[in-house]
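Subject: Handover of a structure and the findings from it

Dear colleague,

Please find the structure below, with its sequence. My notes on what was found in it follow directly after.

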Amino acid sequence: MMPFFESTLEFSIALDKNDSLNHFRNEFYFPQHQGNNAIYFCGNSLGLQPKSLAAAIDTELTTWKEIAVGGYFNGANPWLYYQEYLKAPLAKLVGASASEISVMNALTVNLHLLMLSFYKPTKSRFKIMMEAGAFPSDQYAVETLVKHFGLDPAMAIVEISPLAGSKTLTTEQIVQTIQAEGDALAMVMFGGINYYTGQFFDLKTITAVAHQVGAVAAFDLAHVTGNIPLQLHDWGVDFAAWCSYKYLNAGPGAVGGFYIHEKHASNIDMPRLAGWWGNDEKERFKMEKGFIPKRDASGWNISTAQVFNMVGLKASLAIIDKAGIESLRNKSIVLTSYLEYLLSQLNNVSFEIITPSNIEERGAQLSLYFKDKAKEIHNKLIENGVIVDYREPGVIRVAPAPLYCSFEDVYRFYEILKNNF
């Protein structure tokens, strides 16, 4: 049932006054439009810059300037352990222990590396299942993975498409497809949230059913981490990876994060592509032959920590940790429900919300599908100081991130749609 809302500016202001998280918006820089903060609903693509970031970067620049290579062992944040500073706050967001978390590279690179460890095709068990219309990088990664093993993507990749007349999948449909593939299925590799529709999949159920048929359960959590709280360890998810520039606000191209269940992470015989950052720090500088990985997710680390590519994540996680992922999720539910309510009041513009109405099946994003003039409408929104993005065919993605978006932002977006089209 839709909560009680009113379509007035005064009501949105009252909601903001009662919002215990509203002050966090002051910790971020907003793009400007005609001298005011733009309405920024694009955190599902790139989060805003924390105001604390410049000083955080300056700290590492000062260390580099003053002690150079000594920064690996000294300075405010010794670089040798820089990835360690990020594990605990990330673990809270995805429901894991710090030993199951690490950071390196970027999202798709990490997916390639992890899939190479976990995908072990045989003559009879070689298929990978994913949602149709997954983000292109995921499609390309899976396609080239099976080709790497000499397999035909048309035979090895099973894509699940929505049923006729629907734009999203049902959990029942996913479960039935996994069960139908049975012993032929080697891996399930879903996006946690579909980037186009905004649908959040039932990761717990998908994992359980994948394991029942003997398959690995893996997820791309680019649109989930920092958006919806998870319990990856308790659900038994085998591995997952995510970027940090969306809801984690770490900056463009910032370092990627990943999770590996402890039953795999502690197994030093698990195959992987190795580098010296994956072995124990106590042994690293002995420069000896023979790789012996650490007995946790860090055993998959390869190269020296990308310090300046991690600073943004460290700064943003400090803010997210103060807000708390459960509180952010609770606000997000109300924020998107309010957005949904206001959109339902419009009769001057024709569109369909293709994101599920069930709050358990969505995060901060609502995808609005326009049969025509979508790009024109998108451009008009941009001209009016609303930053949202457009995805072919015909979808404008609207994502009020709860860490820095307000209820008044949502109302003003509605008002612009109401008065300009």
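Thr-168 is found in the loop between strand S8 (157–160) and helix H7 (171–181); helices (H or I, at least four residues) and strands (E, at least two) are DSSP runs, numbered from the N terminus. With a relative accessibility of 16%, Thr-168 counts as buried, where buried means under 20% relative accessible area, exposed over 50% and partly exposed in between (1.4 Å probe, protein chains only). Its contacts (heavy atoms within 4.5 Å), leaving aside neighbours within four places in sequence, are Pro-162, Thr-197, Gln-199, Ile-354 and Pro-356.

Please note that this is a predicted model, in which local features need pLDDT of at least 70 and side-chain atom pairs count only at pLDDT 80 or more, while totals for chains, interfaces and linings use all residues. Residues are numbered from 1 along each chain as its sequence is written, and side-chain values use heavy atoms, with hydrogens and water left out.

Strand S8 also belongs to an open sheet of 7 strands with mixed pairing, in the order S6-S12-S11-S10-S9-S7-S8; two strands pair if DSSP finds at least two bridges between them. Its edge strands, each pairing on one side only, are S6 (101–104) and S8. From one strand to the next, the twist averages 20°; here axes are lines fitted to C-alpha atoms, for helices over the stretch in contact, and angles run from 0 to 180 degrees between N-to-C directions. S6 pairs with strand S12 (residues 256–260) in the antiparallel sense over 4 bridges, and Val-103 stands opposite Gly-257 in S12. Helix H5 (residues 136–148) lies across S7 (127–131), S8, S9 (185–191) and S10 (216–220), and runs at about 170° to S7.

A second open sheet consists of 4 strands in the order S13-S14-S17-S16, with antiparallel pairing. Strands S13 (352–353) and S16 (389–391) form its edges, each pairing on one side only. Between S14 (residues 366–369) and S17 (residues 395–398) there are 4 bridges in the antiparallel sense, and Leu-368 stands opposite Ile-396 in S17. Helix H13 (residues 325–344) packs on this sheet, touching S13, S14 and S17, and its direction makes about 20° with that of S14.

In helix H14 (residues 374–383), the residues Ala-374, Ile-377, His-378 and Leu-381 are buried. They lie on the same side of H14 because they cover an arc of only 100° around the axis, the arc being that of the directions from the helix axis to the C-beta atoms. These buried residues of H14 pack against S15 (386–387), S16, S17 and helix H15 (407–420). Exposed residues Glu-376 and Glu-383 are carried on the face of H14 turned away from its buried side. Just after H14, Gly-385 takes a positive phi of about 85°.

Asp-16, in helix H1 (residues 9–17), is buried, with a relative accessible area of 10%. Its contacts, leaving aside neighbours within four places in sequence, are Asn-22, Ser-406, Phe-407 and Glu-408. Asp-16 and Glu-408 are 392 residues apart along the chain, and their C-alpha atoms are separated by 7.2 Å.

Finally, the buried residues of helix H4 (residues 107–118) include Leu-107, Asn-110, Leu-111 and Phe-118.

Yours sincerely

Methods:
The expected span of a helix is 1.5 Å times one less than its number of residues.
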